[in-house]
Every structure is written in structure tokens, then in C-alpha cells.
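Here's a quick briefing on one protein chain. Have a look at the structure first, then read on.

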Amino acid sequence: MVALACVWELLSRTGIVNPLFLPAFSVVIADVYHGFVTGYLGQHVMASLGRAVPGLLLALLVGVPLGLALEASRSLKTFIDPVVEVLRNTSALALLPVFTLMLGIGETSKIAMVFYAALWPILLGTMNGLRGVDPLWIKAGRSMGLSGGKLFIKIVIPASLPSIFTGIRLAAAAGLLVLVAAEMVGSRAGLGYVINASQLDFDLPGMYAAILVLSVVGYVTNAALVRVEAHFLQWKTS
């Protein structure tokens, strides 16, 4: 990361890349600092998180149970799977006008877009996790007297968690991507709005500052999910 920052600084300072279009890293960092000191960037970060977090939580609350239900019931999966395949291959960005027309330009449409984009990675991660459970673990659980719900809770769910958490991490990235696009189109707050407004005003340091903050938010979110995953998967290293 330090090397990348140094390369960025040198490219701008030496004129290899026009500093008008790529401000030096130090200039961008100064803009980030000023944005948080004044509270300008902080309020936009909170606005974006206020949309992303509810959307991701809703996707988690729907995606995991739905994935478990689809894998547990062959008939239900056969009935619903075509609909799932059609919807998950329909880009959330392509549906941006639909969400805006139906739900307006307020918070509801943006949370719904995050939910839609995040739902499919979580759903598929859950389904793949259940399919990937080692049959030997199932047999071992049954030989120890587990059956039905206990077998599902003690063996199947823990064995599926790695795939589920992979889906959650992918969902978080997808949700942020879609949210930024939605904020660029119809919003007066959020990092996507800041990026778009800064570009229109040709405030390129401000634009890169918002992009950098967005990258840090994504990195911290992923790191937090990795820590949570490690906590729930302590049994793998014990």
C-alpha cells in the first residue's frame, strides 16, 4: 500500500501523468483530512452506510433462509430456481430506473437496490455451502446420535459457513458498487454523490478523496467480515 501511494505521488509530481487529472497522493490525503475535519466527508460516509447496512442486513435475513429452504426442498428448488436464475442475471444497475420510478429517489429505492444486489451472492453462497458439506461429516453426526434439526444445526450449518461468509463478502462489495451508482444518479448525500458532484465541479482532489474514502470503507468492511468469519470458524483450527 505504501509503494502504491509512492508510485501515485511520483506519477503526479514528475509530470508523467498530468497532475491536473491525477492530483498527487499527498494533495488527496490533505483533502480527505480537511473533509473529515469540517465534517463534510463524515456526513456523506454516514449517509452511504445508512443505506448500505440496512440493505445488506435485509439481504442476509432473506438470502440465508431462502438458500437453506431451496437446498432442503428439491420440489421447491425446481419450482423457484428458474425465477432465481433470471433475476440474479439481471443487473441491479440495469434496474436502477425501475427502482427509482417505483420507489422514488429517496432512501427506500437505494436500500432496495443494495438489497437486490447483495441478495444473490448470499443466496448462492448458502446453496453452494449446503451442497459442499462432506457426507462423511453427516454420517459421523448420525453415528453419534444426531438426527433431524440437531444434525442440521450441529453439522450442516457450521460446515456451510465458509461458503456463506464468502457470499456475504461478495454481497458487501456488490452492494457498495450499486449504491455508489444510485447515489450518482439521484441523491444529495453519500459518497457517490460527492464523487459525481466533484467531477462536475472539476474538483478532482475532492473526487479522488471520495474515491479513496470509499475504497477504505470497502476494505474495512471486508476486514470486519473476515474477523467475524474467523470467530465463527474457530472449530476449523481447533
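Is Ser12 buried or exposed? Ser12 counts as buried, because its relative accessibility is 5% (buried means under 20% relative accessible area, exposed over 50%, partly exposed in between, with a 1.4 Å probe and protein chains only). Keep in mind that this is a predicted model, where local features need pLDDT of at least 70, side-chain atom pairs count only at pLDDT 80 or more, and totals for chains, interfaces and linings use all residues. Residues are numbered from 1 along each chain as its sequence is written, and side-chain values use heavy atoms, with hydrogens and water left out.

**Around Ser12**
- You'll find Ser12 in helix α1, residues 2-13 (helices are DSSP runs of H or I with at least four residues, numbered from the N terminus).
- Leaving out residues up to four places away in sequence, Ser12 touches Val17, Pro19, Leu22, Pro23 and Ala24 (contact means heavy atoms within 4.5 Å).

**A bent helix**
- Helix α4 covers residues 74-88, so 15 residues, and spans 20 Å from first C-alpha to last, close to the 21 Å expected (that is 1.5 Å times one less than the number of residues).
- At Ile80, shortly before the proline Pro82, α4 has a kink of about 45° (the angle between axes fitted to the seven residues ending there and the seven starting there).

**Partly exposed spots**
- Val98 sits in helix α5, residues 96-103, and is partly exposed, because its relative accessible area is 38%.
- Ala223 belongs to helix α10, residues 204-232, and is also partly exposed, at 31%.
- Ala223 and Ala94 are 129 residues apart in sequence and 29 Å apart in space, C-alpha to C-alpha.

Notes
Helix = DSSP H or I, 4+ residues; strand = E, 2+ residues; numbered from the N terminus.
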